[in-house]
Amino acid sequence: MNTTLPHWVQLFHLLIELGGTLAFAMSGILAAARKRLDAVGVFVVAFITAFGGGTLRDILLDQRPFFWVRQVEWVWVVLGLCAVSMLLLKKHHFAITERAIEWPDALGLGLFAATGVHQALAQDMPVLIAVMMGVVTGVFGGVLRDMVCNEIPTTFKDRSPYALCAFAGAWVYVLGWTLDLSLPAAVSACVLVTAGLRVLSVLGGWKLPDWKHE
Amino acid sequence: MNTTLPHWVQLFHLLIELGGTLAFAMSGILAAARKRLDAVGVFVVAFITAFGGGTLRDILLDQRPFFWVRQVEWVWVVLGLCAVSMLLLKKHHFAITERAIEWPDALGLGLFAATGVHQALAQDMPVLIAVMMGVVTGVFGGVLRDMVCNEIPTTFKDRSPYALCAFAGAWVYVLGWTLDLSLPAAVSACVLVTAGLRVLSVLGGWKLPDWKHE
Amino acid sequence: MNTTLPHWVQLFHLLIELGGTLAFAMSGILAAARKRLDAVGVFVVAFITAFGGGTLRDILLDQRPFFWVRQVEWVWVVLGLCAVSMLLLKKHHFAITERAIEWPDALGLGLFAATGVHQALAQDMPVLIAVMMGVVTGVFGGVLRDMVCNEIPTTFKDRSPYALCAFAGAWVYVLGWTLDLSLPAAVSACVLVTAGLRVLSVLGGWKLPDWKHE
């Protein structure tokens with residue numbers, strides 16, 4: 001669908017996609033390192049974190065082949081990142097790596113959410129379902145990462161807005177679609193809103209309200 | 001398939017479906033509250049508990065669109081239940097809520113099992129597979145709920161008959177199908193047997209035999 | 001696809017398939033017994049361990065009906081194995097059972113890996129994806145077993161080569177496919193390499209290198 005777009009738009013899209021995928025994979029590698037998984041575990045968790053959200057969306061929307069089957073070079077990229085990390089990553093890098101990937105992660109979250117919404121709308125799904133597919137695409141890689149690592153998914157309990165940023169961005173994409181915006185405009189709006197909200201909530205230490213069930 | 005049935009049959013079916021779905025969602029909300037999940041976690045767990053069994057069945061039977069995509073108002077109902085619960089549910093309500101949902105849960109279990117068996121038989125599956133699809137539809141929402149909440153699924157270890165009630169009801173549905181019963185008759189028989197056995201086993205404190213592996 | 005093969009080849013294939021399936025199911029039963037799951041949990045975990053890898057592969061490759069739907073007698077075999085185990089298995093049998101199933105498990109791993117690679121190549125998937133599908137078929141039954149039992153999957157953290165043996169065998173199958181070997185020859189090569197490496201790594205106590213992240 002990008003073939004008629006200007007080159008710099010395509011380049012920008014590719015850069016965010018690459019940054020987001022590497023950030024997602026890296027967060028999987030960090031989780032695996034914390035649990036001292038072996039090389040097999042590291043690759044599987046990195047792979048699931050990077051591609052799990054989109055794969056689950058494709059299963060739910062019954063779309064084949066998967067993104068990583070069509071463009072198998074992305075699997076090699078994740079494999080390479082795993083190898084480099086296992087050789088070079090030390091414990092005192094964990095915290096700084098985690099902070100360094102926050103920004104590409106936020107941009108990737110927005111881009112992947114836009115992709116999910118787009119594909120569901122292209123199948124004439126109701127808008128609420130399309131929004132959910134956007135959130136699933138952006139968020140469920142991390143959910144599956146935590147489930148494989150035997151943890152309750154962080155996104156479900158840390159009260160820091162993450163899925164909600166993707167949720168907001170997804171509605172922006174729906175709005176852009178309804179207003180018949182061009183594809184790059186709608187995607188950009190979704191990425192900006194998602195990543196902007198995410199950055200603000202990290203910097204501002206925003207928290208969702210807690211249960212008051214005592 | 002309900003269009004030619006009398007109105008009161010349709011109404012009855014809708015009531016059980018609504019009660020069952022709300023009971024399933026509520027059991028997800030309670031599990032999420034016990035783990036102090038945030039609003040995102042509460043909704044995801046409620047959603048997965050309510051619709052996860054039927055969704056897994058549809059993936060296994062390769063059926064699309066999912067029930068909750070065709071009738072998106074059910075998603076809004078679960079969203080609403082989550083919002084109300086997060087505002088009003090206190091810790092001293094947990095036990096009483098859990099007991100209050102046992103009855104609609106048992107009826108829903110029977111109805112969902114009947115649906116699963118029906119759809120598998122309609123695809124000419126072997127009866128054992130159809131029975132398994134009935135059990136998956138009724139039970140795997142709760143299984144996924146427990147897996148997301150990082151627990152061994154309760155149904156697999158508490159020795160209280162739950163999946164087995166759905167299993168028995170599913171065979172009743174198969175019998176009704178074989179005898180060419182009308183749809184409402186077969187569904188009712190399945191619901192009655194499933195819910196009846198479930199109620200009896202709760203009231204009677206029935207337990208499956210334990211391992212004697214010492 | 002076996003119909004034109006000599007009888008003894010078919011018999012050999014069937015024996016490995018039966019041994020592998022029983023070994024996988026048995027490892028599920030042992031895991032369930034260690035967690036004291038009830039009869040429902042034992043059957044579900046045994047089923048998932050035996051058929052989960054192939055089922056996940058079929059979902060990823062969008063193939064229906066599943067193997068265990070086409071040949072439902074395998075489900076009865078696993079049901080029977082569960083019943084016998086629950087009646088006869090004592091705690092002091094656990095260790096010896098675990099060692100006894102290592103050999104059929106290794107052969108099954110190779111056979112299931114070959115099946116996964118074959119089906120992906122038959123769909124014109126890239127070879128790396130085909131290899132991954134082979135590994136998924138052989139390994140993800142055990143992964144799902146551990147996830148349901150609320151453990152980090154053993155294959156991802158015990159540093160004993162298991163998935164890697166299937167990985168190596170899968171590449172051998174790809175080689176055989178490229179060289180246009182006959183089906184039994186390619187399958188045998190994959191089984192021999194996978195099971196051989198597995199046996200060697202168990203006997204030799206081979207370990208993958210550990211993280212050096214301190």
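1. In this predicted model, helices α2(A) and α4(A) cross in a right-handed sense. A crossing is called right-handed if the near helix is turned clockwise from the far one by less than a right angle, and left-handed if anticlockwise. Helices are DSSP runs (H or I, at least four residues), numbered from the N terminus.

2. The axes of α2(A) (residues 39-61) and α4(A) (residues 73-88) come within 10 Å and cross at roughly 135 degrees. α2(A) is therefore oblique to α4(A). Oblique covers what is left after roughly parallel (under 35 degrees), roughly antiparallel (over 145) and roughly perpendicular (65 to 115). Axes are lines fitted to C-alpha atoms over the stretch in contact, with angles from 0 to 180 degrees between N-to-C directions.

3. On the α2(A) side, the contact is made by Ala39(A), Val42(A), Phe43(A), Ala46(A), Phe47(A) and Ala50(A). α4(A) supplies Val78(A), Leu79(A), Leu81(A), Cys82(A) and Met86(A). By class there are 11 nonpolar, no polar and no charged residues. Contact means C-beta atoms, placed from the backbone, within 7 Å. Nonpolar covers Ala, Val, Leu, Ile, Met, Phe, Trp, Tyr, Cys and Pro; charged covers Asp, Glu, Lys and Arg; the others, Gly among them, are polar.

4. Chain C puts 22 residues in contact with 21 residues of chain B. α2 (39-60), α4 (73-88) and α7 of chain C each give two or more residues to this side, and α2(C) has the largest share, five residues. The side divides into 14 nonpolar, two polar and six charged residues.

5. Towards chain A, chain C contributes 21 residues and chain A 22 residues. Here the elements of chain C giving two or more residues are α7 (127-148) and α8 (163-178). α7(C) gives the most, with three residues. This side of chain C has 13 nonpolar, three polar and five charged residues.

6. Chain C superposes on chain A by a rotation of 120 degrees with 0.0 Å of shift along its axis (RMSD 0.0 Å). The two copies are thus related as by a three-fold rotation axis. The copies use different surfaces, as 14% of the contact residues of chain C recur in chain A. Asn150(C) is the residue of chain C closest to the rotation axis, at 3.8 Å (C-alpha).

7. Residues are numbered from 1 along each chain as its sequence is written, and chains are lettered from A and ligands numbered from 1 in the order written. Local features need pLDDT of at least 70 and side-chain atom pairs count only at pLDDT 80 or more, while totals for chains, interfaces and linings use all residues.

Key: Contact = placed C-beta atoms within 7 Å. Least-squares fit on C-alpha atoms with pLDDT ≥ 70 in both.
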